[in-house]
Amino acid sequence: MPKDAAVEEFARLVRALKARDGRSYEALGRRLSVSASTLHRYCSGATVPEEFAVVDRLALLCGADEEERRALEAAWTRADDARRPPAPEPGAEATPEPGAASAPPAPGAEPAPAPGREPGPEPAPEPGQEPAPVPAPAPEAASGPELDPVHARVPGLPPERRRRRRGWPGVVVGALAVVATVALGAVLLPGKAPRQPAAPPAPLTWTVASDLWENGCGHTYLVRRTPPPPPEAADARSWAAAQGAVDGGKTLVRVSVQGKSAAAVVLQALHVRVVERGAPLPWTAYRMDDGCGGAVTPRRFEVDLDRPRPVARSLDGYDASGQEGRTLPAVSFPYAVSAAEPEELLVSAGAAGCDCRWYLELEWSSEGRRGTVRIGDEDGAPFRTSGAKGRPVYGYDSVGRAWITGENSGQGG
C-alpha cells in the first residue's frame, strides 16, 4: 500500500470512531488525555500517534469490538511504518562522492581534515607523559537480550524490530528488581506488543435487575411459539430464558449504585451504547398483564433506542407510598454516592423500529480520578429490546387457562 494511502486509511478509521461517538474533539480529548488539536491531527492524517495505546483507548471509548480494534491496530502499524524513513540495509556503507580520491595518502602527507572541521595543530603531549590508552568497549552481556527503554526508537532497526525491542533500561538484580517490577509494572519482553494500561479500578459497585415489569405486573414479551402460562414477576428471568423470549417494545432496567467506601463518588453521566441493530423480530407478542398499581421510582430515565444516538433523559418519578401519592421532580446528573448513600436508577428503554442490543455506560469521578463502567444484564451481556408494533397480541385468560387474542384478553381474574 502506498505511504499516503496507509496514513489516510488509518485516519479514516479514526474519523469513523469519532463520528460514531458523536462527542466533540475537546470532550474526547479530555477522556484520552490528549489535546483537541492533537486528536484532530490524528483524524485528518496530519499526525500518526507514536503509540497505538491512545487510539486503542479511543476505540474502547467508542464501543469498538475486538475485530475493529485489530483492524485499527493493523492500519496504525502500516501508517506508522509509512511515516518513518527507510532503515539502511545491514552492512551497507556510505558511497563516496564521484571524483573522491580512493588511493592512500602519499608518504609523509597529512591526512585530510574531516568535513566541516578547521585544520589545526594537534596538542603535543607533555614531556614524560604517555597518551592515555583508549578503553576497549565492554563486551555485551551473554545472558538474555538487551532491553531498551519502553518508548525508545532504535536508529537503524527495521520498523517491526523497532517495535519489539522495548523494556526497562538496564539490568536490575536482587531486591531492586522486585521493587522496580512492583512499582513500574511487568517488563515488556521482545516479541510482545505493549499492552494498553489498565483502567483505574472503579470505587463503586452496582447491581442490575433487567427482567422488570411495569409497576411490578405489566410487560410484553416476543416469543417464537406459544409459551406456557405467565410466571410470577419474581420468576420472569428464568421463564423468559426458557422460552427464548425478548422484551417487546420496552425494557426496564434498575441499577443500584453504591460507593465502596465513605469517600463520595460523583456519577457524572449515563450513556446508552447500541452495539447491534436489526429489523424488529417477526414473533407474536404475549402480554403478562394489563398493568397495575404504582411504585417508587426516584431516579427515572427514558431512552428511545430508535434514535441514531440514544440519550438517557431524566423524567419525573412518582411516590405512591402516601395516601395521595406525590410526584418526584426529575433530577439530572451529577449524583453523589458512597457506601452509606446509594442511588437507584430506573431506565425505561423503548424500541419500535429495531431489534436493538445495548449497554449502559456510567461515568464517575472520585478523589481526582475519572472512569466509565459498562453495565449489561445480570450475566454482563447487552440488554435486548425489539419493536412489537403490528405483531399479533395475546393475553392470558386465567379462568379459561389459555392465551387469547388481544381484544378478549385481560378478562380473567
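The protein's secondary structure comes to 8 helices and 17 strands, where helices (H or I, at least four residues) and strands (E, at least two) are DSSP runs numbered from the N terminus. This is a predicted model, in which local features need pLDDT of at least 70 and side-chain atom pairs count only at pLDDT 80 or more, while totals for chains, interfaces and linings use all residues. Residues are numbered from 1 along each chain as its sequence is written, and side-chain values use heavy atoms, with hydrogens and water left out.

Let us begin with the whole protein. Of its 413 residues, 33% are buried; buried means under 20% relative accessible area, exposed means over 50%, and partly exposed is in between (1.4 Å probe, protein chains only). A contact here means heavy atoms within 4.5 Å. Among contacts between residues at least 6 apart in sequence, 73% join residues at least 24 apart.

Now look at a pair of helices. Two packed helices are described by the angle between their axes and the distance between the axes. Helix H2 (residues 25-32) and helix H3 (residues 36-44) have axes that come within 8 Å and cross at roughly 105°. Axes are lines fitted to C-alpha atoms, for helices over the stretch in contact, and angles run from 0 to 180 degrees between N-to-C directions. H2 and H3 are therefore roughly perpendicular to each other, given that angles under 35 degrees count as roughly parallel, over 145 as roughly antiparallel, 65 to 115 as roughly perpendicular and the rest as oblique. On the H2 side, Tyr-25, Glu-26, Leu-28, Gly-29 and Leu-32 take part, and they meet Ala-36, Leu-39, His-40 and Cys-43 of H3. Sorted by class, this contact of H2 with H3 has 6 nonpolar, 2 polar and 1 charged residues. For that sorting, Ala, Val, Leu, Ile, Met, Phe, Trp, Tyr, Cys and Pro count as nonpolar, Asp, Glu, Lys and Arg as charged, and the others, Gly among them, as polar.

The loop between H2 and H3 is worth a stop. Ser-33 sits in this loop, and its phi is near 65°, a positive value in a residue other than glycine. Most residues other than glycine have a negative phi, and most peptide bonds are trans. Ser-33 is exposed, with a relative accessible area of 68%.

Just after H4, Gly-63 takes a positive phi of about 80°.

A nonpolar core is a set of buried Ala, Val, Leu, Ile, Met, Phe, Trp, Tyr and Cys residues joined through side-chain atoms within 4.5 Å. The largest one has 29 residues, and Leu-204, Val-253, Val-257, Leu-305, Trp-358, Leu-360 and Leu-362 touch the most other members. Strands that each supply at least two residues of this core include S1 (204-209), S4 (250-259), S5 (265-278) and S13 (355-366). S13 gives the most, with 5 residues. Val-257 touches Leu-204, Thr-205, Trp-206, Leu-267, Val-337, Pro-342, Glu-343, Leu-345 and Leu-362, not counting residues up to four places away in sequence. A second, separate core of 24 residues includes Cys-43, Phe-52, Leu-72 and Trp-76.

Strand S5 also holds Ala-269, which is buried, with a relative accessible area of 17%. Leaving out residues up to four places away in sequence, Ala-269 touches Phe-333, Glu-361, Leu-362 and Glu-363. Ala-269 and Thr-372 are 103 residues apart in sequence and 9.4 Å apart in space, C-alpha to C-alpha.

In the loop between S13 and S14 you will find Glu-367. Its phi is near 50°, again a positive value in a residue other than glycine, and Glu-367 is exposed, with a relative accessible area of 67%.

Finally, the cysteines. The structure holds 1 disulfide, a disulfide being a pair of cysteine sulfur atoms within 2.5 Å. It joins Cys-354 to Cys-356, with an S to S distance of 2.0 Å. The torsion about this S-S bond is about -120°, so the disulfide is left-handed. Both Cys-354 and Cys-356 are buried. Cys-43, by contrast, is in no disulfide, and at 1% relative accessibility Cys-43 counts as buried. The sulfur of Cys-62 is 9.3 Å from the closest cysteine sulfur, in Cys-43, too far for a bond. Cys-62 is buried too, with a relative accessible area of 1%.
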